[in-house]
Amino acid sequence: MTVAVIIVAAGRGSRAGGGEPKQWRDLAGVPVLARTVAAFRGIGRITVVLHPDDMVRGIALFGGTVTLVAGGATRDASVRAALESLTGSGVEKVLIHDGARPLVPRAVIAGVLTALDTAPAAAPALAVTDALWRGTEGRVSGTESREGLYRAQTPQGFRFAQILAAHRAHPGGAADDVEVARAAGLTVDITPGSEDNLKITFAEDFARARAILAARKDRGMDVRVGNGYDVHAFCEGDGVILCGVKVPHTKALLGHSDADVGMHALTDAIYGALAEGDIGRHFPPSDPQWKGAASEIFLAHAAKLATEKGYRISNVDVTIVCERPKVGPHAAAMMAELARILGISPNRVSVKATTSERLGFTGREEGIAALATATLIGD
Ligand SMILES: Nc1ccn([C@@H]2O[C@H](COP(=O)(O)OP(=O)(O)OP(=O)(O)O)[C@@H](O)[C@H]2O)c(=O)n1
Ligand SMILES: C[C@](O)(CO)[C@H](O)COP(=O)(O)O
């Protein structure tokens, strides 16, 4: 399903003080909002909602890498503006996130996305663990049960058409999009939140956020690299599918699926980086349901697994080894297709080709080989 991400950042951050809205302030060398946007790279197309006064600043920070939309006077008006801007775009799922939550872990995002496979709406939260009091004039005036109480976080995820209709029907004044969805009768699953996913609200929250970043740095950057290799033999036919692109040729490739050797190598590279075996483990060739299957299914599965395990794909590199057909004229289309399936920018995808100087099975034009590397980065 096509996923869109809406990041609302049109507020003025009055409670945080500091001279400029909190989303533009520096957090350990990077603007808060740049960190928030980076947390969602590779998940889906990103729309950032800004105050009309901040548009020039938004263009300077993000260029054309995100869509900018002018927000409204309230949070729900800002969300509504972004939802309306996405009508007719074919988006099926939408994640709505506060620009003021820059440290959202990948696993929190993945939890919401996975829940959306079966639920109409899902949002992360943490159970309340402290005792709850009422207070009047600085004194405890009563106690409340914490049973069944949660602290709500974002991203909150919905089916696009349902949350758009819910916002259109809502009178306004909702604290969050879950409130809007429930007013429209949607059920909302609770998924695991994280203490790292704080909303910068008051000045002291910047120190908390810096401490979380420092702890992550102490743990070290979690970078994983995987490689993949695949071979398919030629058979009779009039073209081959390479990295999702049909390339005319005097032969076809033999395989249980569509025999997309480049995409198979890349899928295995991602599984390899995750220490999750290979395509055969997830999609056994003995299973008739994968006969003739489009290899996009395999690659999309590997990418989803990466997200669920808390990783984003930083870059991928595929090398196709064959004498013919010539790959060069199709390489741009292949890179665009892989980028689309992986949900990452095309400039993070490389597809190149080489001959084997007429040596070996590729040199004798008996088949095509492909090698791939994938780099994954954890929270
Ligand atoms: N008219 C508004 C108000 C809020 N937000 C966004 O909604 C998120 C959550 O709101 P909050 O933390 O309350 O931010 P502010 O409204 O900026 O803060 P304050 O209430 O302290 O002014 C923030 O990312 C904020 O930028 C928005 O897009 N449009
Ligand atoms: C959406 C939200 O982050 C859920 O916790 C929160 O309601 C928005 O912040 P606000 O301070 O209530 O505007």
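# Notes on a predicted single-chain model

1. **Contacts along the chain.** In the protein chain, 70% of the contacts with a separation of 6 or more are between residues 24 or more positions apart. The model is a predicted one. Its protein chain has 379 residues, and 49% of them are buried. The secondary structure comes to 12 helices and 19 strands. Along the principal axes, the C-alpha atoms fill a box of roughly 85 × 40 × 40 Å.

2. **The largest nonpolar core.** Start here when looking at the interior. This core has 47 residues. Leu242, Ile270, Ile320, Met334, Leu338, Leu342 and Leu376 have the most contacts inside it. Several elements give two or more residues to the core: β14 (239–242), β15 (245–248), α8, α10, β17, α11, β18 (349–354) and β19. Helix α8 supplies the largest share, eight residues. In soluble globular proteins, nonpolar side chains tend to be buried together.

3. **Met334 and its partners.** Met334 is among the core residues with the most contacts. Which residues does Met334 contact, leaving aside neighbours within four places in sequence? They are Leu242, Cys243, Val245, Val247, Ile320, Val327 and Val351.

4. **A second core.** A separate core holds 25 residues. Its members include Val5, Ile43, Val48 and Leu113.

5. **Helix α10.** This helix covers residues 296–308, 13 residues in total. From first C-alpha to last it reaches 18 Å, close to the 18 Å expected at 1.5 Å a residue. Phe298, Leu299, Ala302, Ala303, Leu305, Ala306 and Thr307 are buried in α10. The cover over these buried residues includes α4 (106–115), α8 (261–273), α9 (279–282), β17 (311–321), α11 (331–342) and β19 (367–378). Just after the helix, Gly310 takes a positive phi of about 90°.

6. **Helix α1.** Is this helix mostly covered or mostly exposed? Helix α1, residues 32–39, is mostly covered, with seven of its eight residues buried. The buried residues are Val32, Leu33, Ala34, Arg35, Thr36, Val37 and Ala39. Note that the charged residue Arg35 is on that buried list.

7. Arg312 is found in strand β17. Its relative accessible area is 28%, so Arg312 counts as partly exposed. Phe40 is 272 residues away along the chain, yet the C-alpha atoms of Arg312 and Phe40 are separated by 8.8 Å. Not counting residues up to four places away in sequence, Arg312 touches Ala38, Arg41, Arg106, Thr375, Leu376 and Ile377.

8. Of its 19 lining residues, Gly11, Arg12, Arg15, Lys22 and Arg75 are the closest to the centre. Strand β1 (3–9) and helix α3 (75–85) are the elements that give two or more residues to the lining. How do the lining residues divide into nonpolar, polar and charged? Five are nonpolar, eight are polar and six are charged.

9. **Two cis peptide bonds.** The bond from Thr154 to Pro155 is cis, with omega near 15°. Pro155 is placed in the loop between β10 (150–152) and β11 (156–159). Arg324 and Pro325 are also joined by a cis peptide bond, with omega about 0°. Pro325 lies in the loop between β17 and α11.

10. **Two glutamates with positive phi.** Glu137 has phi near 50°, a positive value in a residue other than glycine. Glu137 lies in the loop between β8 (132–136) and β9 (139–144). With 80% relative accessibility, Glu137 counts as exposed. Glu357 has phi near 55°, again positive in a residue other than glycine. Glu357 is placed in the loop between β18 and α12 (360–363). Why does Glu357 count as exposed? Its relative accessible area is 63%, and exposed means over 50%.

How values were computed: Residues numbered from 1 in each chain as written. Chains lettered and ligands numbered in written order. Heavy atoms only, no water. 1 Å grid on protein atoms, 1.4 Å probe; cavity = no way out; pocket = protein on both sides within 12 Å on 5 of 7 lines; lining within 4 Å. Helix = DSSP H or I, 4+ residues; strand = E, 2+ residues; numbered from the N terminus. Expected span 1.5 Å × (residues − 1). Buried < 20%, exposed > 50% of the residue type's maximum accessible area, 1.4 Å probe, protein only. Contact = heavy atoms within 4.5 Å. Core = buried A, V, L, I, M, F, W, Y, C linked by side-chain atoms within 4.5 Å.
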